[in-house]
Amino acid sequence: LGQFKSRNMTTEHKIVSRAEWVTARKALLDEEKKLCKIRTDVAQMRRELPWVKVETDYVFDGPSGQVKFSELFTESNNNNLVVYHYMIQPEWDSGCHLCSFWCDGFNGSLPHMLPRTNFVAIGASNVQHLEKVKATKGWNFPVLSSQKTSFNSDFRVGFTKEEIDAKKTDYNYGRHWQMAEAPGISVFKKGTDGSIYHTYSTFAAGLAEVNVVFSVLDMLPDGRDEKEKGHMWWVKHKEAYEPKTA
């Protein structure tokens, strides 16, 4: 039937009849079903991972004072805890814009998550700085400071200059990372005996699995438009999208 060239697309796109489109869509559906099955199987493998006991009851700083790691678990959340490792340093004006992008999504999902798990973001800056970022973003989950703890280092999202120079950062189970902070998600479970267990962590590209914006944009004809412009070039702090007022 012809071809159509969008001003936002770099190649001409094939135009077909409805019947031909349905045939092509069914072929793609077969592949999507395979992907869904793989995702379900991998999720089960994730749940079956062995656990590691956390020996340190870290003491974080919050807006109302010190908060112990063990205090972040409640029976109302099934004694589950999801931690977002938020990249931030005291000298930065704000936190990492990509970490903020992820946290914006989690904030919108809180009503659905909180009956099953507690959720916090933890970063290596001072409380005042973190609270300023939280207020700007409008987040409703706790944002705690790990600045006085070994938490970031222990879970391999915080690295010393010596580790970076010696290429011993081992981010994402073996990747060399060249910054003091790195993003990630870690999951913990509190047992009936009060012990805390580390059950799962994911980093880098693994974080894409929990980003709903990626899933939506990937359905668009233009996708994320990153082939020429670079990975996540389009992501900004959410306040940067708002129209400027005179």
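I take buried to mean under 20% relative accessible area, exposed over 50%, and partly exposed in between, with a 1.4 Å probe and protein chains only as cover.

**Ground rules**

I keep in mind that this is a predicted model, in which local features need pLDDT of at least 70 and side-chain atom pairs count only at pLDDT 80 or more, whereas totals for chains, interfaces and linings use all residues. I number residues from 1 along each chain as its sequence is written, and my side-chain values use heavy atoms, with hydrogens and water left out.

**The chain as a whole**

I looked up the secondary structure, taking helices (H or I, at least four residues) and strands (E, at least two) as DSSP runs numbered from the N terminus, and I recorded 6 helices and 10 strands. The C-alpha trace spans about 65 × 50 × 40 Å along its principal axes, and 38% of the 246 residues count as buried. For contacts I require heavy atoms within 4.5 Å; of the contacts with a separation of 6 or more, 58% are between residues 24 or more positions apart.

For the surface I used accessible areas from the Shrake-Rupley method with a 1.4 Å probe, where for residues only the protein chains shown count as cover, and I noted that the chain exposes about 15500 Å², of which carbon and sulfur atoms supply 55%. For charges I counted Lys and Arg as positive and Asp and Glu as negative, without His and the chain ends, and placed each charge at NZ of Lys, CZ of Arg, CG of Asp or CD of Glu. The mean positions of the 32 positive and 31 negative charges are 5 Å apart.

**Two residues with positive phi**

I returned to Lys167, which lies in the loop between helix 5 (161–165) and strand 9 (184–190), and found that its phi is positive, about 55°, although Lys167 is not a glycine. Met232, in the segment after helix 6 (212–217), also has a positive phi, near 55°, in a residue other than glycine. Is Met232 buried or exposed? I noted that Met232 is buried, with a relative accessible area of 11%.

His129 is found in helix 3 (residues 127–137) and counts as buried at 10% relative accessibility. Its side chain reaches the backbone oxygen of Trp92 at 2.9 Å, and, not counting residues up to four places away in sequence, His129 touches Ile88, Gln89, Pro90, Trp92, Asp93 and Ser94.

Ser145 sits in strand 8 and counts as buried at 2% relative accessibility. Which backbone oxygen does the side chain of Ser145 reach? I found that of Ser125, at 2.5 Å. With neighbours within four places in sequence left aside, the contacts of Ser145 include Phe60, Asp61, Gly123, Ser125 and Leu130.

**Cysteines**

A disulfide is a covalent bond between the sulfur atoms of two cysteines. I count one where a pair of cysteine sulfur atoms lies within 2.5 Å, and by this rule the count comes to 0. Cys99 is in no disulfide, and the nearest cysteine sulfur, that of Cys96, is 3.8 Å away; Cys99 itself is buried, with a relative accessible area of 1%.

**Two loop serines**

I looked up Ser70 in the loop between strand 5 (65–68) and strand 6 (80–86), where Ser70 counts as buried at 18% relative accessibility. Leaving aside neighbours within four places in sequence, I found Ser70 in contact with Asp57, Lys190 and Ile196. The C-alpha atoms of Ser70 and Leu114, 44 residues apart along the chain, are separated by 17 Å.

Ser150 lies in the loop between strand 8 (143–145) and helix 4 (151–154), and at 35% relative accessibility I recorded Ser150 as partly exposed. Between the C-alpha atoms of Ser150 and Asn211, 61 residues apart along the chain, the separation is 28 Å.

Terms used. A polar contact is a pair of N or O atoms within 3.5 Å; within protein, one must be able to donate a hydrogen and the other to accept it, and residues adjacent in sequence count only if both atoms are side-chain atoms.
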